[in-house]
Amino acid sequence: MGLGILEDRHLAHVPGTAYMGAGSAVLPGGFQVETAEADRLDPRIKYDTTGKKPVVLIPQPSDDPNDPLNWSLFKRDVITTVLCIVSIMAATLGPLLAANTVALAFFWQRTFTDIALLTGYHLLGVGVAGFIFVPSARVWGKRHLYILGTVLLIASSIWGGAAKSYKSLLWARIIQGVAITPFEALVNASIGDLYPVHMRGKRMAFTNFALFGGAFFTPVIVGKMTRDMSWRWPFYFVGIFSAIMLPFVFFLVPETAYRRRINTDLASTEDILLQDLPSARGSEDPVVVPRDGEADKGMDGKATVPAPVSFAKSLALFNGRKTDENLFKLLLRPIPLLFHPAIFWGMLTQGTLIGWTVMIGVVLGIVFMGPPLWFNEVKTGYMYTGAFIGAALGFILSGLLSDFSAKWMAKRNKGVYEPEFRLILVIPQTIIGAIGLFGFGFTSANIAEYGQYLPTFFFGMEVMGMVLGATASALYLVDAHRDLSVESFTCLLLFKNFFSFAMTWYAVNWIAAAGVWEVFKWIGIVQILVGLLSVPMYVFGKRNRSLMHRYEILKMTQLK
(Lines give C-alpha, C1' and ligand atoms only; values in the text may rest on other atoms or scores of the structure.)
Protein backbone atom coordinates (compact mmCIF):
# COMPACT_ATOMS: atom_id res chain seq x y z
CA MET A 1 0.00 0.00 0.00
CA GLY A 2 1.57 3.29 -1.15
CA LEU A 3 0.58 6.17 1.17
CA GLY A 4 -2.88 4.69 1.78
CA ILE A 5 -3.56 3.68 -1.85
CA LEU A 6 -4.42 -0.01 -2.18
CA GLU A 7 -2.26 -1.91 -4.66
CA ASP A 8 -3.88 -3.73 -7.55
CA ARG A 9 -3.86 -7.53 -7.61
CA HIS A 10 -4.33 -8.06 -11.34
CA LEU A 11 -1.96 -5.86 -13.38
CA ALA A 12 1.81 -5.54 -13.06
CA HIS A 13 1.44 -1.96 -14.24
CA VAL A 14 -1.72 0.06 -13.71
CA PRO A 15 -2.23 2.86 -16.28
CA GLY A 16 -1.49 6.24 -14.74
CA THR A 17 1.12 4.96 -12.28
CA ALA A 18 4.60 6.10 -13.29
CA TYR A 19 8.16 6.51 -12.07
CA MET A 20 8.68 10.21 -11.60
CA GLY A 21 12.15 10.38 -10.05
CA ALA A 22 13.74 10.72 -6.62
CA GLY A 23 15.31 7.29 -6.49
CA SER A 24 16.12 4.13 -8.42
CA ALA A 25 13.54 1.54 -9.29
CA VAL A 26 13.77 -2.03 -10.54
CA LEU A 27 10.96 -2.66 -12.99
CA PRO A 28 9.41 -5.97 -14.06
CA GLY A 29 11.71 -7.74 -16.45
CA GLY A 30 14.83 -6.62 -14.61
CA PHE A 31 15.05 -3.06 -15.96
CA GLN A 32 16.51 -0.57 -13.53
CA VAL A 33 15.83 3.14 -13.81
CA GLU A 34 18.17 5.54 -12.04
CA THR A 35 16.54 8.88 -11.34
CA ALA A 36 18.17 10.47 -8.32
CA GLU A 37 21.49 11.78 -9.64
CA ALA A 38 22.35 13.48 -12.90
CA ASP A 39 25.34 11.20 -13.47
CA ARG A 40 23.16 8.08 -13.19
CA LEU A 41 20.42 8.96 -15.65
CA ASP A 42 19.12 6.11 -17.76
CA PRO A 43 19.98 7.01 -21.39
CA ARG A 44 16.79 5.33 -22.59
CA ILE A 45 14.57 7.74 -20.62
CA LYS A 46 14.04 11.47 -21.10
CA TYR A 47 14.17 13.77 -18.07
CA ASP A 48 13.51 17.32 -16.97
CA THR A 49 16.89 18.39 -15.61
CA THR A 50 16.06 22.03 -14.88
CA GLY A 51 15.42 21.41 -11.18
CA LYS A 52 17.64 20.26 -8.34
CA LYS A 53 16.91 16.63 -9.18
CA PRO A 54 16.08 15.10 -12.57
CA VAL A 55 12.43 14.18 -13.07
CA VAL A 56 11.26 11.52 -15.52
CA LEU A 57 9.09 13.11 -18.22
CA ILE A 58 5.59 11.64 -18.17
CA PRO A 59 4.55 11.26 -20.96
CA GLN A 60 7.82 10.60 -22.75
CA PRO A 61 8.32 12.93 -25.75
CA SER A 62 9.13 11.37 -29.10
CA ASP A 63 12.14 12.48 -31.17
CA ASP A 64 9.82 14.32 -33.57
CA PRO A 65 10.36 18.12 -33.40
CA ASN A 66 6.63 18.49 -34.21
CA ASP A 67 5.69 16.73 -30.98
CA PRO A 68 4.18 19.48 -28.73
CA LEU A 69 6.14 18.05 -25.80
CA ASN A 70 9.32 19.01 -27.67
CA TRP A 71 8.32 22.62 -28.30
CA SER A 72 10.08 25.26 -26.24
CA LEU A 73 8.50 25.96 -22.87
CA PHE A 74 8.07 29.60 -23.94
CA LYS A 75 6.03 28.58 -27.00
CA ARG A 76 3.85 26.24 -24.94
CA ASP A 77 3.26 28.91 -22.30
CA VAL A 78 2.31 31.45 -24.98
CA ILE A 79 -0.30 29.00 -26.31
CA THR A 80 -1.63 28.46 -22.79
CA THR A 81 -1.77 32.21 -22.11
CA VAL A 82 -3.67 32.97 -25.32
CA LEU A 83 -6.17 30.19 -24.63
CA CYS A 84 -6.64 31.42 -21.06
CA ILE A 85 -7.29 35.01 -22.16
CA VAL A 86 -9.93 33.89 -24.66
CA SER A 87 -11.33 31.54 -22.01
CA ILE A 88 -11.82 34.55 -19.73
CA MET A 89 -13.79 36.25 -22.52
CA ALA A 90 -15.87 33.09 -22.89
CA ALA A 91 -16.35 32.67 -19.14
CA THR A 92 -17.68 36.22 -18.75
CA LEU A 93 -20.77 35.23 -20.74
CA GLY A 94 -22.13 32.92 -18.04
CA PRO A 95 -22.65 35.57 -15.33
CA LEU A 96 -22.98 38.45 -17.81
CA LEU A 97 -26.57 39.11 -16.73
CA ALA A 98 -26.13 38.33 -13.03
CA ALA A 99 -26.27 41.95 -11.88
CA ASN A 100 -29.06 42.89 -14.32
CA THR A 101 -31.88 40.55 -13.27
CA VAL A 102 -34.30 43.24 -12.13
CA ALA A 103 -33.34 45.72 -14.88
CA LEU A 104 -33.90 43.15 -17.65
CA ALA A 105 -37.14 41.92 -16.08
CA PHE A 106 -38.53 45.45 -16.29
CA PHE A 107 -37.01 46.11 -19.73
CA TRP A 108 -38.52 42.99 -21.35
CA GLN A 109 -41.57 42.83 -19.07
CA ARG A 110 -40.67 39.27 -18.08
CA THR A 111 -40.60 37.27 -14.83
CA PHE A 112 -37.43 36.72 -12.81
CA THR A 113 -37.46 33.07 -13.90
CA ASP A 114 -37.53 34.11 -17.57
CA ILE A 115 -34.47 36.30 -17.01
CA ALA A 116 -32.69 33.51 -15.13
CA LEU A 117 -33.38 31.23 -18.10
CA LEU A 118 -31.36 33.56 -20.34
CA THR A 119 -28.44 32.09 -18.43
CA GLY A 120 -30.01 28.64 -18.17
CA TYR A 121 -30.46 28.16 -21.90
CA HIS A 122 -26.98 29.57 -22.44
CA LEU A 123 -25.66 26.72 -20.27
CA LEU A 124 -27.87 24.27 -22.14
CA GLY A 125 -26.27 25.42 -25.41
CA VAL A 126 -22.86 24.57 -23.96
CA GLY A 127 -23.97 21.08 -23.01
CA VAL A 128 -25.58 20.25 -26.35
CA ALA A 129 -22.64 21.61 -28.38
CA GLY A 130 -20.26 19.47 -26.35
CA PHE A 131 -21.67 16.33 -27.99
CA ILE A 132 -20.68 17.66 -31.43
CA PHE A 133 -17.43 19.52 -30.81
CA VAL A 134 -15.63 16.91 -28.72
CA PRO A 135 -15.81 14.10 -31.33
CA SER A 136 -14.57 16.63 -33.88
CA ALA A 137 -11.61 17.40 -31.60
CA ARG A 138 -10.88 13.68 -31.28
CA VAL A 139 -10.78 13.16 -35.04
CA TRP A 140 -9.30 16.40 -36.41
CA GLY A 141 -7.73 18.10 -33.40
CA LYS A 142 -8.58 21.19 -31.39
CA ARG A 143 -7.25 24.14 -33.41
CA HIS A 144 -10.23 24.48 -35.79
CA LEU A 145 -12.61 24.49 -32.83
CA TYR A 146 -10.72 27.21 -30.97
CA ILE A 147 -10.88 29.42 -34.07
CA LEU A 148 -14.55 28.61 -34.70
CA GLY A 149 -15.38 29.30 -31.04
CA THR A 150 -13.69 32.70 -31.16
CA VAL A 151 -15.54 33.68 -34.35
CA LEU A 152 -18.86 32.64 -32.79
CA LEU A 153 -17.99 34.62 -29.66
CA ILE A 154 -17.67 37.75 -31.77
CA ALA A 155 -20.84 37.20 -33.81
CA SER A 156 -23.12 36.09 -30.95
CA SER A 157 -21.97 38.90 -28.65
CA ILE A 158 -22.78 41.54 -31.26
CA TRP A 159 -26.11 39.82 -31.84
CA GLY A 160 -26.90 39.83 -28.11
CA GLY A 161 -26.12 43.51 -27.79
CA ALA A 162 -28.31 44.38 -30.78
CA ALA A 163 -31.23 42.09 -29.85
CA LYS A 164 -34.64 43.71 -30.35
CA SER A 165 -36.74 41.12 -28.51
CA TYR A 166 -36.48 38.69 -25.63
CA LYS A 167 -36.60 35.76 -28.07
CA SER A 168 -33.74 37.18 -30.12
CA LEU A 169 -31.64 37.69 -26.99
CA LEU A 170 -32.45 34.14 -25.86
CA TRP A 171 -31.15 32.68 -29.14
CA ALA A 172 -28.06 34.88 -28.97
CA ARG A 173 -27.39 33.46 -25.49
CA ILE A 174 -27.79 29.91 -26.80
CA ILE A 175 -25.28 30.54 -29.61
CA GLN A 176 -22.94 32.12 -27.07
CA GLY A 177 -23.14 28.83 -25.20
CA VAL A 178 -22.12 27.01 -28.36
CA ALA A 179 -19.23 29.47 -28.81
CA ILE A 180 -17.68 28.88 -25.41
CA THR A 181 -17.89 25.07 -25.63
CA PRO A 182 -14.43 24.52 -27.20
CA PHE A 183 -12.80 26.45 -24.36
CA GLU A 184 -14.74 24.82 -21.54
CA ALA A 185 -14.31 21.32 -22.97
CA LEU A 186 -10.83 21.35 -24.52
CA VAL A 187 -8.47 23.83 -22.86
CA ASN A 188 -7.66 21.53 -19.94
CA ALA A 189 -7.14 18.66 -22.39
CA SER A 190 -4.67 20.88 -24.30
CA ILE A 191 -2.66 21.26 -21.10
CA GLY A 192 -2.31 17.47 -21.16
CA ASP A 193 -1.09 17.71 -24.77
CA LEU A 194 1.52 20.37 -24.02
CA TYR A 195 3.08 19.48 -20.66
CA PRO A 196 4.40 16.48 -18.75
CA VAL A 197 2.69 15.54 -15.48
CA HIS A 198 4.94 17.50 -13.14
CA MET A 199 4.33 20.74 -15.08
CA ARG A 200 0.56 20.50 -15.41
CA GLY A 201 -0.55 21.58 -11.94
CA LYS A 202 0.22 25.30 -12.07
CA ARG A 203 -0.92 25.61 -15.67
CA MET A 204 -4.18 23.80 -15.01
CA ALA A 205 -4.78 25.97 -11.97
CA PHE A 206 -4.36 28.95 -14.32
CA THR A 207 -6.77 27.53 -16.92
CA ASN A 208 -9.40 26.74 -14.28
CA PHE A 209 -9.05 30.23 -12.84
CA ALA A 210 -9.61 31.59 -16.35
CA LEU A 211 -12.57 29.28 -17.02
CA PHE A 212 -14.32 29.47 -13.67
CA GLY A 213 -12.78 32.17 -11.52
CA GLY A 214 -12.15 35.11 -13.81
CA ALA A 215 -15.84 35.24 -14.70
CA PHE A 216 -16.72 36.49 -11.23
CA PHE A 217 -15.16 39.86 -11.92
CA THR A 218 -17.67 40.31 -14.76
CA PRO A 219 -20.69 41.39 -12.65
CA VAL A 220 -18.52 43.92 -10.82
CA ILE A 221 -17.93 45.72 -14.13
CA VAL A 222 -21.29 44.94 -15.76
CA GLY A 223 -23.35 46.48 -12.97
CA LYS A 224 -21.59 49.82 -13.35
CA MET A 225 -21.58 49.55 -17.14
CA THR A 226 -25.31 48.85 -17.25
CA ARG A 227 -26.02 51.84 -15.03
CA ASP A 228 -23.93 54.24 -17.13
CA MET A 229 -24.16 52.80 -20.67
CA SER A 230 -27.09 50.29 -20.81
CA TRP A 231 -27.17 46.49 -20.56
CA ARG A 232 -26.24 46.13 -24.25
CA TRP A 233 -22.65 47.35 -23.95
CA PRO A 234 -21.30 44.37 -21.97
CA PHE A 235 -22.19 42.22 -24.98
CA TYR A 236 -20.48 44.64 -27.35
CA PHE A 237 -17.30 44.75 -25.25
CA VAL A 238 -17.07 40.94 -25.19
CA GLY A 239 -17.38 40.99 -28.98
CA ILE A 240 -14.72 43.69 -29.32
CA PHE A 241 -12.16 41.99 -27.09
CA SER A 242 -12.84 38.60 -28.70
CA ALA A 243 -12.18 40.21 -32.10
CA ILE A 244 -8.87 41.53 -30.78
CA MET A 245 -7.90 38.02 -29.64
CA LEU A 246 -8.86 36.29 -32.92
CA PRO A 247 -5.50 37.01 -34.66
CA PHE A 248 -3.63 35.75 -31.58
CA VAL A 249 -5.60 32.50 -31.66
CA PHE A 250 -5.07 32.08 -35.40
CA PHE A 251 -1.33 32.81 -35.46
CA LEU A 252 -0.14 31.64 -32.02
CA VAL A 253 -2.22 28.54 -31.25
CA PRO A 254 -1.16 25.65 -33.52
CA GLU A 255 -2.63 22.17 -33.27
CA THR A 256 -1.71 20.59 -29.91
CA ALA A 257 -3.12 17.11 -30.54
CA TYR A 258 -0.39 14.63 -31.54
CA ARG A 259 -0.75 11.06 -32.69
CA ARG A 260 1.61 8.72 -30.84
CA ARG A 261 2.58 5.11 -31.48
CA ILE A 262 2.48 4.41 -27.75
CA ASN A 263 0.51 6.38 -25.16
CA THR A 264 3.30 7.08 -22.70
CA ASP A 265 0.84 8.60 -20.26
CA LEU A 266 -0.61 5.12 -19.78
CA ALA A 267 2.26 2.82 -20.65
CA SER A 268 4.59 1.45 -18.01
CA THR A 269 8.19 2.61 -17.90
CA GLU A 270 9.11 -0.92 -18.97
CA ASP A 271 7.01 -0.56 -22.12
CA ILE A 272 8.74 2.71 -22.93
CA LEU A 273 12.14 1.10 -22.46
CA LEU A 274 11.22 -1.94 -24.53
CA GLN A 275 10.16 0.17 -27.51
CA ASP A 276 13.52 1.94 -27.42
CA LEU A 277 15.89 -0.98 -26.73
CA PRO A 278 18.13 -2.01 -29.67
CA SER A 279 17.20 -5.66 -29.07
CA ALA A 280 13.54 -4.77 -29.35
CA ARG A 281 13.86 -2.93 -32.64
CA GLY A 282 16.74 -4.86 -34.22
CA SER A 283 18.78 -1.73 -34.88
CA GLU A 284 20.79 0.96 -33.13
CA ASP A 285 19.02 3.66 -35.11
CA PRO A 286 16.33 5.72 -33.37
CA VAL A 287 12.71 4.85 -33.93
CA VAL A 288 10.70 8.03 -34.32
CA VAL A 289 6.97 8.63 -34.69
CA PRO A 290 6.28 11.43 -37.17
CA ARG A 291 3.28 13.70 -37.16
CA ASP A 292 0.79 11.27 -38.67
CA GLY A 293 1.85 8.50 -36.30
CA GLU A 294 3.76 6.32 -38.80
CA ALA A 295 7.50 6.47 -39.30
CA ASP A 296 8.79 7.91 -42.56
CA LYS A 297 11.32 5.78 -44.39
CA GLY A 298 14.63 6.99 -45.70
CA MET A 299 16.54 5.68 -48.76
CA ASP A 300 17.90 2.79 -46.69
CA GLY A 301 14.44 1.84 -45.40
CA LYS A 302 15.18 2.97 -41.84
CA ALA A 303 13.07 5.38 -39.84
CA THR A 304 14.02 9.03 -40.17
CA VAL A 305 13.32 12.05 -38.02
CA PRO A 306 10.76 14.27 -39.80
CA ALA A 307 11.54 17.89 -40.54
CA PRO A 308 9.85 20.58 -38.44
CA VAL A 309 6.58 21.81 -39.91
CA SER A 310 6.87 25.33 -41.29
CA PHE A 311 5.04 28.22 -39.63
CA ALA A 312 2.83 28.63 -42.71
CA LYS A 313 1.76 24.99 -42.60
CA SER A 314 1.10 25.22 -38.85
CA LEU A 315 -1.63 27.79 -39.63
CA ALA A 316 -3.77 25.18 -41.40
CA LEU A 317 -7.07 24.43 -39.67
CA PHE A 318 -6.45 20.70 -40.07
CA ASN A 319 -3.25 18.65 -40.31
CA GLY A 320 -4.59 15.12 -40.58
CA ARG A 321 -6.73 12.77 -38.55
CA LYS A 322 -5.74 12.12 -34.96
CA THR A 323 -7.59 8.82 -34.78
CA ASP A 324 -9.07 6.26 -37.15
CA GLU A 325 -12.06 5.69 -34.90
CA ASN A 326 -15.62 6.15 -36.17
CA LEU A 327 -16.99 9.67 -35.71
CA PHE A 328 -20.49 8.44 -34.84
CA LYS A 329 -19.11 6.17 -32.12
CA LEU A 330 -17.08 9.06 -30.75
CA LEU A 331 -20.27 11.09 -30.66
CA LEU A 332 -21.91 8.54 -28.36
CA ARG A 333 -18.94 7.90 -26.08
CA PRO A 334 -19.79 10.39 -23.31
CA ILE A 335 -23.09 8.62 -22.57
CA PRO A 336 -21.70 5.35 -21.11
CA LEU A 337 -18.76 7.21 -19.60
CA LEU A 338 -21.19 9.07 -17.34
CA PHE A 339 -21.15 5.83 -15.31
CA HIS A 340 -17.34 5.58 -15.17
CA PRO A 341 -16.55 5.79 -11.41
CA ALA A 342 -13.70 8.32 -11.75
CA ILE A 343 -15.60 10.49 -14.21
CA PHE A 344 -18.74 10.36 -12.07
CA TRP A 345 -16.62 11.45 -9.09
CA GLY A 346 -15.14 14.28 -11.18
CA MET A 347 -18.58 15.47 -12.30
CA LEU A 348 -19.77 15.77 -8.71
CA THR A 349 -16.52 17.25 -7.37
CA GLN A 350 -16.41 19.99 -9.99
CA GLY A 351 -20.03 20.44 -10.99
CA THR A 352 -21.86 20.79 -7.68
CA LEU A 353 -19.97 23.84 -6.42
CA ILE A 354 -20.37 25.47 -9.83
CA GLY A 355 -24.11 24.80 -9.67
CA TRP A 356 -24.34 26.30 -6.19
CA THR A 357 -22.92 29.57 -7.53
CA VAL A 358 -26.07 29.78 -9.67
CA MET A 359 -28.12 29.59 -6.47
CA ILE A 360 -25.99 32.33 -4.94
CA GLY A 361 -26.52 34.44 -8.07
CA VAL A 362 -30.29 34.10 -7.65
CA VAL A 363 -30.05 35.26 -4.03
CA LEU A 364 -27.91 38.24 -5.02
CA GLY A 365 -30.19 39.15 -7.91
CA ILE A 366 -33.47 38.97 -5.97
CA VAL A 367 -32.98 39.03 -2.19
CA PHE A 368 -30.36 41.77 -2.11
CA MET A 369 -32.24 43.92 -4.62
CA GLY A 370 -35.30 43.84 -2.34
CA PRO A 371 -35.89 44.99 1.22
CA PRO A 372 -34.13 45.92 3.44
CA LEU A 373 -31.04 46.71 1.30
CA TRP A 374 -32.69 47.66 -2.03
CA PHE A 375 -29.46 47.22 -4.02
CA ASN A 376 -29.27 48.53 -7.58
CA GLU A 377 -27.28 46.91 -10.42
CA VAL A 378 -24.03 48.57 -9.35
CA LYS A 379 -24.16 47.43 -5.73
CA THR A 380 -25.30 43.94 -6.75
CA GLY A 381 -22.33 43.72 -9.11
CA TYR A 382 -19.96 44.77 -6.34
CA MET A 383 -21.16 41.76 -4.32
CA TYR A 384 -19.13 39.61 -6.73
CA THR A 385 -15.87 41.24 -5.61
CA GLY A 386 -15.50 38.64 -2.87
CA ALA A 387 -16.08 35.85 -5.39
CA PHE A 388 -13.32 37.17 -7.65
CA ILE A 389 -10.89 37.44 -4.74
CA GLY A 390 -11.85 33.91 -3.68
CA ALA A 391 -11.21 32.65 -7.20
CA ALA A 392 -7.78 34.32 -7.23
CA LEU A 393 -6.89 32.80 -3.86
CA GLY A 394 -8.12 29.40 -5.07
CA PHE A 395 -5.90 29.73 -8.13
CA ILE A 396 -2.87 30.62 -5.99
CA LEU A 397 -3.48 27.82 -3.48
CA SER A 398 -4.14 25.15 -6.10
CA GLY A 399 -1.11 26.30 -8.08
CA LEU A 400 1.11 26.06 -5.00
CA LEU A 401 -0.23 22.73 -3.79
CA SER A 402 -0.92 20.74 -6.95
CA ASP A 403 2.58 20.08 -8.31
CA PHE A 404 4.35 20.40 -4.95
CA SER A 405 2.11 17.82 -3.27
CA ALA A 406 2.42 15.41 -6.21
CA LYS A 407 6.23 15.60 -6.20
CA TRP A 408 6.44 15.43 -2.40
CA MET A 409 4.19 12.38 -2.19
CA ALA A 410 5.97 10.67 -5.10
CA LYS A 411 9.26 11.17 -3.27
CA ARG A 412 7.81 9.55 -0.14
CA ASN A 413 6.48 6.75 -2.32
CA LYS A 414 9.97 5.76 -3.54
CA GLY A 415 9.71 7.79 -6.73
CA VAL A 416 6.40 6.27 -7.81
CA TYR A 417 3.74 8.75 -8.84
CA GLU A 418 0.06 7.87 -8.40
CA PRO A 419 -2.64 10.14 -9.91
CA GLU A 420 -4.55 9.83 -6.62
CA PHE A 421 -2.00 12.22 -5.12
CA ARG A 422 -3.95 14.96 -6.93
CA LEU A 423 -6.95 14.35 -4.66
CA ILE A 424 -5.23 16.08 -1.75
CA LEU A 425 -6.69 19.33 -3.13
CA VAL A 426 -10.18 18.08 -2.28
CA ILE A 427 -9.45 18.47 1.44
CA PRO A 428 -9.22 22.30 1.37
CA GLN A 429 -11.96 22.36 -1.29
CA THR A 430 -14.45 20.59 0.97
CA ILE A 431 -13.60 22.56 4.10
CA ILE A 432 -13.51 25.98 2.47
CA GLY A 433 -16.45 25.35 0.13
CA ALA A 434 -18.74 24.03 2.87
CA ILE A 435 -17.92 26.93 5.20
CA GLY A 436 -18.70 29.31 2.35
CA LEU A 437 -22.07 27.70 1.64
CA PHE A 438 -23.21 27.53 5.27
CA GLY A 439 -21.93 31.02 5.99
CA PHE A 440 -23.51 32.59 2.91
CA GLY A 441 -26.87 30.94 3.57
CA PHE A 442 -26.99 31.95 7.23
CA THR A 443 -25.89 35.56 6.78
CA SER A 444 -28.00 36.13 3.64
CA ALA A 445 -31.08 34.93 5.50
CA ASN A 446 -30.37 37.61 8.11
CA ILE A 447 -29.10 40.51 5.99
CA ALA A 448 -30.79 43.09 8.23
CA GLU A 449 -28.46 41.91 11.00
CA TYR A 450 -25.29 41.00 9.09
CA GLY A 451 -25.43 43.40 6.12
CA GLN A 452 -23.73 42.75 2.78
CA TYR A 453 -20.09 42.22 3.70
CA LEU A 454 -20.25 38.84 5.44
CA PRO A 455 -22.27 37.23 2.60
CA THR A 456 -19.68 38.60 0.17
CA PHE A 457 -16.88 37.06 2.24
CA PHE A 458 -18.55 33.64 2.38
CA PHE A 459 -19.36 33.82 -1.35
CA GLY A 460 -15.62 34.23 -1.89
CA MET A 461 -14.92 31.11 0.18
CA GLU A 462 -17.41 29.08 -1.86
CA VAL A 463 -15.77 30.16 -5.12
CA MET A 464 -12.31 29.46 -3.69
CA GLY A 465 -13.44 25.91 -3.00
CA MET A 466 -14.92 25.71 -6.48
CA VAL A 467 -11.59 26.55 -8.15
CA LEU A 468 -9.76 24.00 -5.96
CA GLY A 469 -12.29 21.31 -6.89
CA ALA A 470 -12.16 22.14 -10.60
CA THR A 471 -8.37 21.89 -10.55
CA ALA A 472 -8.33 18.63 -8.57
CA SER A 473 -10.85 16.86 -10.80
CA ALA A 474 -9.22 18.07 -14.04
CA LEU A 475 -5.73 17.04 -12.96
CA TYR A 476 -6.85 13.64 -11.74
CA LEU A 477 -8.74 12.75 -14.90
CA VAL A 478 -5.91 13.90 -17.17
CA ASP A 479 -3.30 11.96 -15.19
CA ALA A 480 -5.32 8.82 -14.38
CA HIS A 481 -7.31 8.41 -17.60
CA ARG A 482 -5.35 10.31 -20.23
CA ASP A 483 -6.86 8.27 -23.06
CA LEU A 484 -10.31 9.45 -21.99
CA SER A 485 -9.40 13.03 -21.12
CA VAL A 486 -11.38 14.66 -23.94
CA GLU A 487 -14.48 12.55 -23.29
CA SER A 488 -14.16 12.97 -19.53
CA PHE A 489 -14.12 16.76 -19.85
CA THR A 490 -17.20 16.45 -22.05
CA CYS A 491 -18.95 14.56 -19.25
CA LEU A 492 -17.88 17.23 -16.75
CA LEU A 493 -19.15 19.91 -19.09
CA LEU A 494 -22.49 18.13 -19.58
CA PHE A 495 -23.09 17.61 -15.87
CA LYS A 496 -21.99 21.11 -14.89
CA ASN A 497 -24.16 22.86 -17.44
CA PHE A 498 -27.27 20.68 -17.19
CA PHE A 499 -27.08 20.81 -13.39
CA SER A 500 -26.68 24.59 -13.49
CA PHE A 501 -29.58 24.80 -15.97
CA ALA A 502 -31.76 22.93 -13.47
CA MET A 503 -30.68 25.38 -10.76
CA THR A 504 -31.79 28.36 -12.88
CA TRP A 505 -35.14 26.66 -13.54
CA TYR A 506 -35.99 25.86 -9.92
CA ALA A 507 -33.89 28.25 -7.84
CA VAL A 508 -36.31 31.17 -7.61
CA ASN A 509 -39.28 29.06 -6.53
CA TRP A 510 -37.18 26.88 -4.21
CA ILE A 511 -35.76 29.85 -2.33
CA ALA A 512 -39.13 31.57 -2.23
CA ALA A 513 -40.78 28.47 -0.76
CA ALA A 514 -38.13 27.24 1.70
CA GLY A 515 -36.11 30.33 2.53
CA VAL A 516 -32.43 31.10 1.97
CA TRP A 517 -30.99 29.40 5.08
CA GLU A 518 -33.00 26.19 4.69
CA VAL A 519 -31.86 25.83 1.07
CA PHE A 520 -28.20 26.50 1.74
CA LYS A 521 -28.15 24.30 4.86
CA TRP A 522 -29.03 21.29 2.73
CA ILE A 523 -26.73 22.40 -0.08
CA GLY A 524 -23.83 22.55 2.40
CA ILE A 525 -24.61 19.04 3.68
CA VAL A 526 -24.70 17.69 0.13
CA GLN A 527 -21.35 19.33 -0.63
CA ILE A 528 -19.72 17.68 2.41
CA LEU A 529 -21.01 14.29 1.25
CA VAL A 530 -19.61 14.95 -2.22
CA GLY A 531 -16.23 15.80 -0.69
CA LEU A 532 -16.22 12.57 1.34
CA LEU A 533 -16.50 10.58 -1.91
CA SER A 534 -12.84 11.42 -2.48
CA VAL A 535 -11.82 9.15 0.41
CA PRO A 536 -12.80 5.88 -1.34
CA MET A 537 -11.60 7.32 -4.66
CA TYR A 538 -8.16 7.89 -3.11
CA VAL A 539 -7.97 4.49 -1.39
CA PHE A 540 -9.44 2.41 -4.23
CA GLY A 541 -8.51 4.66 -7.14
CA LYS A 542 -5.64 2.47 -8.35
CA ARG A 543 -7.81 -0.63 -8.30
CA ASN A 544 -10.50 1.29 -10.16
CA ARG A 545 -7.97 2.30 -12.83
CA SER A 546 -7.03 -1.36 -13.20
CA LEU A 547 -10.66 -2.45 -13.36
CA MET A 548 -11.54 0.16 -16.00
CA HIS A 549 -8.47 -0.87 -18.02
CA ARG A 550 -9.39 -4.57 -17.90
CA TYR A 551 -13.10 -4.01 -18.48
CA GLU A 552 -13.28 -0.96 -20.71
CA ILE A 553 -16.75 0.56 -20.79
CA LEU A 554 -16.25 1.75 -24.35
CA LYS A 555 -15.30 -1.73 -25.59
CA MET A 556 -18.19 -3.30 -23.72
CA THR A 557 -20.58 -0.88 -25.45
CA GLN A 558 -18.77 -1.39 -28.80
CA LEU A 559 -17.82 2.29 -29.00
CA LYS A 560 -14.10 1.56 -29.29
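A charge sits over a ring if NZ of Lys or CZ of Arg is within 6 Å of the ring centre and within 35 degrees of the ring normal. With that in mind I opened this predicted model and went looking at its aromatic rings.

**Entry: charges over rings.** I found R110 over the face of Y166, at 4.2 Å from the ring centre. I also noted R143, which lies over the face of F250 at 5.0 Å from the ring centre.

**Entry: ring pairs.** Next I searched the whole structure for aromatic pairs, and the search gave 26. I picked F107 and W231 to look at: their ring centres are 5.5 Å apart and their planes stand at 75°, so I wrote the pair down as edge-to-face. Where in the chain do F107 and W231 sit? I traced F107 to helix α2 (residues 101-108) and W231 to the loop between α7 (218-229) and α8 (233-252).

**Entry: buried or exposed?** I checked both partners. W231 is buried, with a relative accessible area of 7%, whereas F107 is partly exposed, at 43%.

**Entry: another pair.** I then turned to Y417 and F421. Their ring centres lie 6.0 Å apart with the planes at 80°, and because edge-to-face needs an angle over 60 degrees, this pair is edge-to-face.

**Entry: a cluster.** Which residues form one aromatic cluster? I listed F206, F209, F217, F388 and F395.

Notes
Residues are numbered from 1 along each chain as its sequence is written. This is a predicted model: local features need pLDDT of at least 70, side-chain atom pairs count only at pLDDT 80 or more; totals for chains, interfaces and linings use all residues. Side-chain values use heavy atoms; hydrogens and water are left out. Rings of Phe, Tyr and Trp (its six-membered ring) pair if their centres lie within 6.5 Å; planes under 30 degrees apart count as stacked, over 60 as edge-to-face and the rest as tilted. Helices (H or I, at least four residues) and strands (E, at least two) are DSSP runs, numbered from the N terminus. Buried means under 20% relative accessible area, exposed over 50%, partly exposed in between (1.4 Å probe, protein chains only).
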